[in-house]
Amino acid sequence: MSIKTPKLNFAPYLLMVSIIFLCYSCGESKKQKPNGKTANASTSLKANDVIPFFQHWNLILGDGSNVGQATDYENKDFFYAANDGKEDWVVFKSPNAGNTHGTSNNTRTELAQLKKWSPMTDATMNATLKVMNVAKTGDASVAATYSVVVGQIHSADGHENEPLKIFYKKFPGHTKGSVFWNYEINTAGDDNSGRWDYSYPIWGYDFSVVGTDKNTYPPEPKDGIELGEEFSYDVKIKDGMMYLTFTSKGHETKTFTKNLITSSYANRSDMPEQVKKLFVPIGQDGVEQEKAYTGQGLFFKLGCYNQTNGKDPKVNKVWCSGAETHNGDLQKQYADGNYAEVWFKTAKITISEDAISNAGYFKANDGLSGKTVYPSEVIPFMDKFKILMGDGTKKDDLVNFEDKKFFYTVIDGTRRWVVYKTPNSGVTSKNSSNTRTELHEKREWTPEQGGKLTGTCKVMQVSTSGDARVAASYATVVGQIHSGEGHENEPFKLFYKKFPGHTKGSVFWNYEINTAGDDNSGRWDYSSAIWGHDMSVVGKSKNDVPAEPVDGIELGEEFSYEVNVYKGIMYLTFTSEGHETKTFTKNLIASQYVKKADIPQQVQKLFVPIGQDGTERSIAYSGELNYFKQGAYNQTNGKDPKKNMVWCAGAETYGGNIAKQYENGCYTEVWFREATIGPGTPPKK
């Protein structure tokens, strides 16, 4: 006989279960992070599941943000966990360009330790990793190009320098790359601009091995490390000593020892040859504090600190790579290999119980790259000047002032500079054909009263268009004395000029006569060469340039000047690393050009043919009020050379469109890192 089963109605039970499940899902779909950020909950692997030590660090991402402790955090653009088919890894990834942290030029996705410790205490860091990518573009002659830092010790105090940086670097086309570590000196004194690194090879080359030019690479290292090949480092600090061990399967284990509390580089005679070759030519020639990093708070960093950036190599031939950045577009950089990527399998740190909070470092550096540093903070004499900029804008109060088109500050990898930039065509002063972004001293003084102006600068750009026959083409003035009375002529103008196609340019200074009589149309300049040619050396035709000067100055190469007017006499001193120091003396209150017979041959060749053949007042500039000027006074303009073959350059101006001029090299740009102004002083004997 059959048994009839009664029908059961499950609908109410299913509805109840669905409601409970929905409520649970809504409650757990998001988790609140310790730093206040919200992250999607996921059963996927997190970085802290692979290496459970992220409570000891803040994480800085490749967009410059500090996301705090990454114990349950991921960001698929910069920081996440991955499996290579065999093992789990933590991925750190950072582009060539983005926002960065502190004063660096380079982006990073990097851990920074929450506590700092003395070099006298015990501390360790070890890690096993593999580098998966370094940037595909850049200038091979720049030491930092194609490299990434995978571990550091950083100082939180003083200059905030780095006694340890572990690099991986691979040139394009090579299978094997190099692993090396650098020690950065803790520079003596308050000025850190002379700091430098000494580099030790581990496998392959050290940092100093570079290409002979932008696209020429050295031979591939024989005992190098490939992308994707594992290696490990172990860092131990004890009683002021740093002990380093590097291992990789199939490679020789390497060990190093470095004293962190007693310097090996306290005297100039201690400077290694490697440093003289790499850093001294760019002005980084400091010495170290005798006690090195004694008494400073140090902390570990680990991750992916991309050393390749898009900055122009002429700014700094060690740290500025000239790589592709796609104007900071992250996904475009990732799409064509313009990034660094490092995978970590294991990592561990131990520190002394005496370690203290590193909060001060983060407070000082978080968001610093986005903070405005004004020119008056770099060169503090701005209260003594007013400025005229390349669009005709005038500003009398320069304290805490900048203009991003003309007058602002930058970091070149070692120090901050004030930038003066101006196009070939814009709006200028009443008596000039040329634009300028130039300081104008507020005080006026006679030659008898005197004054002194100094400056350390480098010219980054002169116009790439113009007429080579015109003396003023491709030139800029970086310092002046200007008369404020009479004809308002200029007893001193300091020029830099570089012809297209040349590597080296010329630095020269001009004296303009204070013309006798009321008619100033016969005025002329006499030019004196400092390094390279004087102003009179020109091309035979519009596009024909003279020979490149042998002892010239390159774009981006520093030089310094001192203009000292004392009791009517002008004393000039010009210096540049690797070049002969030059000095000149000129009487500003008694002329040597009072007769036609006194006109120099140079002037007869350059100015007399265009009708400028005047003579000078016998007392020259005596009794006239003068003032200093400094910055970028562009000598290249768009005026027709037929009007004046000395001053009218016939350059491209794009109808005065400043943005187009900047895009096409039709401008001048000068950087100053130091400058002073004050009273004239007795000349040194």
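The following exercises with worked solutions look at the strands, sheets and surface of one predicted protein model.

In this predicted model, local features need pLDDT of at least 70 and side-chain atom pairs count only at pLDDT 80 or more, while totals for chains, interfaces and linings use all residues. Residues are numbered from 1 along each chain as its sequence is written, and side-chain values use heavy atoms, with hydrogens and water left out.

**Exercise 1. The whole protein**

Task: Find how many helices and strands the protein has, and what share of its residues counts as buried.

Solution: Begin with the secondary structure, which comes to 8 helices and 35 strands; helices (H or I, at least four residues) and strands (E, at least two) are DSSP runs, numbered from the N terminus. Next, turn to burial, where 56% of the 685 residues count as buried; buried means under 20% relative accessible area, exposed over 50%, and partly exposed in between, with a 1.4 Å probe and protein chains only. Finally, consider the dimensions: the C-alpha atoms fill a box of roughly 140 × 65 × 45 Å, taken along the principal axes.

**Exercise 2. The sheet that runs from β22 to β33**

Task: Work out the order of the strands in the open sheet that contains β22 and β33, and state which strands lie at its edges.

Solution: The order is β22-β23-β35-β25-β31-β32-β33, with 7 strands in antiparallel pairing; two strands pair if DSSP finds at least two bridges between them. The edge strands, each of which pairs on one side only, are β22 (407-411) and β33 (582-587). From one strand to the next the twist averages 30°, where axes are lines fitted to C-alpha atoms, for helices over the stretch in contact, and angles run from 0 to 180 degrees between N-to-C directions.

**Exercise 3. Strand β25**

Task: Is strand β25 largely enclosed or open to the outside, and how many bridges pair β25 with β31 and with β35?

Solution: First count the buried residues of β25 (residues 451-461): they are 11 of 11, so the strand is largely enclosed by the rest of the structure. Then look at strand β31 (residues 559-566), which pairs with β25 in the antiparallel sense over 7 bridges; here valine 565 is the bridge partner of glycine 451. With strand β35 (residues 667-678), β25 also pairs in the antiparallel sense, over 9 bridges, and cysteine 457 of β25 has phenylalanine 672 as its bridge partner in β35.

**Exercise 4. Another sheet**

Task: Describe the open sheet that contains β4 and β16, and find the residue opposite threonine 124.

Solution: The order of this sheet of 7 strands is β4-β5-β18-β8-β14-β15-β16, and the pairing is antiparallel. Its edge strands are β4 (79-83) and β16 (254-259). Within the sheet, β8 (residues 123-133) and β14 (residues 231-238) pair over 7 bridges, and lysine 236 in β14 stands opposite threonine 124.
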